[in-house]
Structure formats: C-alpha cells, structure tokens
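Please open the model in your viewer and follow the stops below in order.

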Amino acid sequence: MTTLLSAAILFALACVLLGMALCTLRLMIGPSAQDRVLALDTLWMCTMLLALLLGIRYASEVYFEAALIIALLGFVSTIALAKFLMRGEVIE
Amino acid sequence: MKRWLPAPLLSASLLLVWLLLNQSLAPAHWLLGGALALIVPLLARPLQAYGQARIRRPLALVRLLGFSAIEIVRSCFAVSQIILLRRSADVNSQFIRIPLDLRSPHGLALLSCLINSTPGTVWVELSPDSHELLLHVFDLQDEQWWVETIKTRYEQPIIEVFETPRANNQGENA
Amino acid sequence: MSMADTLPWWAAIAIACLLVLGGLMTLIGTLGLARLQSFYRRIHGPAITVTLGTACILVASMLYFTVTQSRLVIHELLIGVFVLMTAPVVAMLIMRAAVYREQRNFSRTSAMDDDRPQP
C-alpha cells in the first residue's frame, strides 16, 4: 500500500510541476497583459497545491501553513495586478 | 444582545476559524477566539456598506449550494473534455446577456460567486441601468437553455433566500 | 514516509485515487490555459484547477493526516473556503480588466467582435 501511495504522490507532483511549466510558458509568451496576470494567478494556485502535496509526501504539517500563506498572498497580489490593469493605478 | 453581538454568524465563523487554525479545543483558545469573535464584528461594522445579510430560508440555501456543487463537478468534466479533445477554433465561446430580477446586493454577490466557480461561465458585468448580466460562456450550444438555467436554478432560489416579497416589489418600483 | 506504513489499505487507495484525479485536473486546467486561442477562452481553463483540482488534493490531505495521526485534522477546510471565496472574485476582476482594456484599445470594434469564430 505504501508503494501505491508514493506512486500516486509522485504522479500528482509530476502533474502539478508540468502544469506550472505550462503556466510559465503562458506567462512568457502571453500576448496581452491580462494573459500574463491570469497565468501568474494559476501559477500561485499550482504552487499552493505543490506545497500541500509535499506536505503529504514528507508527512509534515508545516507545509499547511506555507500553503495557507501562499493562497493569501496570491489572492492579494492578483487583485492588485487586475486593479492595475483596469485603472493604471492601484490606490485611487 | 443586538448591540454586543451584531453579527452572530460572522462571530461564530470567526471563532471556528480561530479554533481550526490552532487545531485545539483548549480553554485558552476558546477565550482568545471568543474575544476575537466579539471585537472584530464591532470593528468591521462600518465597512459593511449594505448591512448584514439576512438569510430567510437556510434550507433553500443549503439545497442551492448542494445543487451548484454537483453542477461544478459536472461542468469540470465537460470543460476538461472540450480542452482535451476539441480544436480550439471549434469552441464556440460567446458573450450572452441575461436580464436579472434579483436586486439584493448579497444575493448578487452569492450569484456571481456561484457562476464564476462553475467552470465554463464567467460573470463579466451587471449593467447598472437595465440590470442585465453580461456572461461569458465557454462553449455555447443553446443560448435559451443558459438563460433558463440561470433564471430558474440559480436566481429563483437566491431570491427566496435573501429577499422578502415586499422588498422585491420595492426594488421593482424604484 | 515512515507514518504511511500504518495506513490501512482503504485509506491508501482512496488517497491515491484523489491525488491522481486532483493532479490530472490541475494539469488539464493549465493545459487549457496554455493551448486555447483567445484570452476569453483561456480564462475558463484555470477554473478547473481551482475547483476540482484543489478540492481533490485538499480532501486527500485531510484524509491522510486524519488517518495517520488518528485524530481529526480538518484545517485544510480553511484553505478550501478561502479559495472558494476568492477565486471567483479574481476571475471576475481579470475578466472585467480584459474587457475594459479591449474596449479602450479598440474603441471602434466592441469586445464582442473579438470572439467570433474564425472563418
């Protein structure tokens, strides 16, 4: 059973890492600024999932706090960027 | 009671968040969390422009959330099928307009969260004068079906939950 | 992976299924982001990652820690609630920013024209 679980964890880690690579690709080639912001937001999400998966892999709960903080920071930064795209300034 | 505990639901959820974050049911955490749950709603009250939401029918809310959870999972698989199998140019993604009868700001917030959480639909904007919702649909097959689904499956229950019939009439007259 | 030795078989199978499904959903969502053509199509891809991918991995994490530590570990619910509440806001803001910029840049053609299927 342990081998099954570690294989599943490795598979999920590979999927998330590949997803992060695709996000980075879109972040670099994205023709417009909103494409890049969307890619950056998805990259935050994938990073959070990566932290959770590492937490399962190493059976450690410290990664939970990292994932929570990544989720918080990702939301705030994406909101600021989207606001900037719309108005050209963050604080009016 | 009303003065010290203006938002019982908000207070209860704050206490729950505190206990979950600390992962403990020790008396000290109950005390600290209780203090937070008392103080934060009092401090946050000026921030709420539209006041407290009043949930009139909790059962209808639960049923609505359950329905939309099923809908989210279903459309997840539908959208991933399209992403995997179809050529990008064949995907017929369109903007559609839906006239809304819902006026309560809390209800509109809930509706936009539910619509945006469902893969395949993104809420773009609500025109302030005519109350028409501009919605972007990933793969549009039948525009009438979307309008009817949003109106009957989502909007109708939300009106039941958040609006009294009287408030609804006032909104239409205004 | 020392604690995983004590995992009963049903928990291991359930966690493995959830992890595989969550990983696949995450990958499909980002694949949609990378390969679809216009921005308005791309924005629907990450929604899969955010909803089903995150939900599966969070439930797997909850199940794993609850079984291995033989106590209720459900603080992952906090991330779930937070993501469910914020992801729609993010999607709506990016969409509105995109429509607004589109209208500002090409004020002659409306935002609707961009998404017509190519002939």
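Among contacts in chain B between residues at least 6 apart in sequence, what percentage join residues at least 24 apart? The share is 70%, a contact being heavy atoms within 4.5 Å. This is a predicted model, in which local features need pLDDT of at least 70 and side-chain atom pairs count only at pLDDT 80 or more, whereas totals for chains, interfaces and linings use all residues. Residues are numbered from 1 along each chain as its sequence is written, chains are lettered from A and ligands numbered from 1 in the order in which they are written, and side-chain values use heavy atoms, with hydrogens and water left out.

Select chain B and colour by pLDDT, the predictor's confidence in each residue from 0 to 100: the average is 82, and 92% of the residues score at least 70. Chain B has 6 helices and 3 strands, taken as DSSP runs (helices H or I, at least four residues; strands E, at least two) numbered from the N terminus.

Next, select helix 3 (residues 58-85) of chain B, whose mean pLDDT of 89 is the highest among the elements of the chain, and then helix 6 (residues 165-173) of chain B, which has the lowest, 46. Over residues 167-174 of chain B, pLDDT stays under 50, and the model has 4 contacts beyond four places in sequence for this stretch.

Of its 174 residues, 40% count as buried, that is, under 20% relative accessible area with a 1.4 Å probe and protein chains only.

Methods
Buried < 20%, exposed > 50% of the residue type's maximum accessible area, 1.4 Å probe, protein only.
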